[in-house]
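Here is a short briefing on a protein–DNA model.

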Number of protein chains: 2
Amino acid sequence: MLDNFFDKLSNGITLTEADKAIFRQHVIVKKLRKRQYLLQEGEICKSVAFVSKGMLRSYFVDEKSNEHIIQFAPEGWFISDLYSFITEDSSNLNIDAIESSELILITKTAHVYLEKAVPEFFKFNYMQYRGAYISLQKRLTDMFTLSTEEKYTKLLKIYPDIMQRVPQHMIASYLGLTPETLSRIRKKLIAKKDKF
Amino acid sequence: MLDNFFDKLSNGITLTEADKAIFRQHVIVKKLRKRQYLLQEGEICKSVAFVSKGMLRSYFVDEKSNEHIIQFAPEGWFISDLYSFITEDSSNLNIDAIESSELILITKTAHVYLEKAVPEFFKFNYMQYRGAYISLQKRLTDMFTLSTEEKYTKLLKIYPDIMQRVPQHMIASYLGLTPETLSRIRKKLIAKKDKF
DNA sequence: TTGATTCATTGATTTGAATCAATAGTATTT
DNA sequence: AAATACTATTGATTCAAATCAATGAATCAA
């Protein structure tokens, strides 16, 4: 059940069987049907979710009720609203399942406890946050630098698997484009390809 | 000399005098004149800098040789290219002094050593990365949501001190605008204000 | 102090993406 | 299988910001 989860952790830190037993005691397994929410705007984000199966997304809705996707989280990824999780302020984000999914939830108290009880987990999170920061910085600079077309092709290149599984308008939303614009870009790309 | 630096650290963790002594032994004080580089594109980022006086900026240059400012770092802030610092790959960024500045440098070996020797420093960095990630996410969502005018006024509101000290075209660069556009926005804002 | 850069403003024009609108195609549901 | 809801495409138009270009201010260095 927690295999994927332990695999992920082992990819960076080393866990003893005793450590794993502690995790098993403090973690919650949860299933989510397609379109079900894990978190809704206004709630406090009570846990960090590891996706062991399926795919979730986090997004916010602006005043014009446009959705902006912040993150896709397929199997092997973590998702949560870190801001709300840390501060216990109410969240501006929604998190829901794009596909029927299976999650490992770590509640706030569990998270605090586990970081103390399993120092390697603290270290894991340290690296996780640091890595997330670095990736996000890359994403931001790409936003500034790349043309719309380049943003799209780069995304396809980096996450071909995710892009395959996600409806086109969500890709547009992640890139900060309208679905119309993305549709036109794809048309242009196909035209280019056909030339050769 | 290191007062500002210890103040910053103490704002989150507790350091003993012994800890401080260790820091004093492993840290380098450096002065930088206005326009001098701390890091240039192509180099490996060898240290994290704490700004005790003055102000630096990090930025990259795109193919059209436009500068894009990633971060301003006035006194009390850290700056570096974390990506290059961690991976020891060569950096795409430049870091230079906007004003004549005074820095506390922590080299990579010092950083690794200090995190071991002063566990509280490890904890500090954990929080630092986590916080930086959360702020960056806010910045990204603002990029998507806010109008150009709103981005500018929000920036003024959050960092009035920094905006005071920085030339206008750098603010434009930070916001991802041309200097012309920012100039026109300011004109519009002044016109609005004059109405009341 | 006087050139020389660098910086900010303003105007005219172009351009890329958003918006508005309609239609066709694809899934879901009952 | 029909009905209803999503999803993607295409066209026409609008709009905000970039680009191009010129001038005026301010800062810097000799």
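A residue counts as near a molecule or strand if one of its heavy atoms lies within 4 Å of it. This is a predicted model: local features need pLDDT of at least 70, side-chain atom pairs count only at pLDDT 80 or more, and totals for chains, interfaces and linings use all residues. Residues are numbered from 1 along each chain as its sequence is written, and side-chain values use heavy atoms, with hydrogens and water left out.

**DNA strand D**
- 17 residues surround DNA strand D, and the closest include A:Arg184 and B:Thr178.
- Sugar or phosphate accounts for 70% of the DNA strand D atoms within 4 Å of the protein; bases make up the rest.
- Polar contacts are pairs of N or O atoms within 3.5 Å.
- A polar side-chain atom of B:Thr178 sits 3.0 Å from a phosphate oxygen of DNA strand D.
- B:Arg184 places a side-chain N or O atom 3.1 Å from a base oxygen of DNA strand D.

**Cavity**
- A cavity is a set of points on a 1 Å grid over the protein atoms alone where a 1.4 Å probe fits but cannot get out; lining residues have an atom within 4 Å of a point.
- There is one cavity of 30 Å³ or more.
- Its lining includes A:Phe60, A:Arg139 and B:Phe144.

Notes. Chains lettered and ligands numbered in written order. 1 Å grid on protein atoms, 1.4 Å probe; cavity = no way out; pocket = protein on both sides within 12 Å on 5 of 7 lines; lining within 4 Å. Points joined across faces, edges and corners; volume = space filled by probe spheres on them. Polar contact = N/O pair within 3.5 Å; in protein donor to acceptor, adjacent residues only side chain to side chain.
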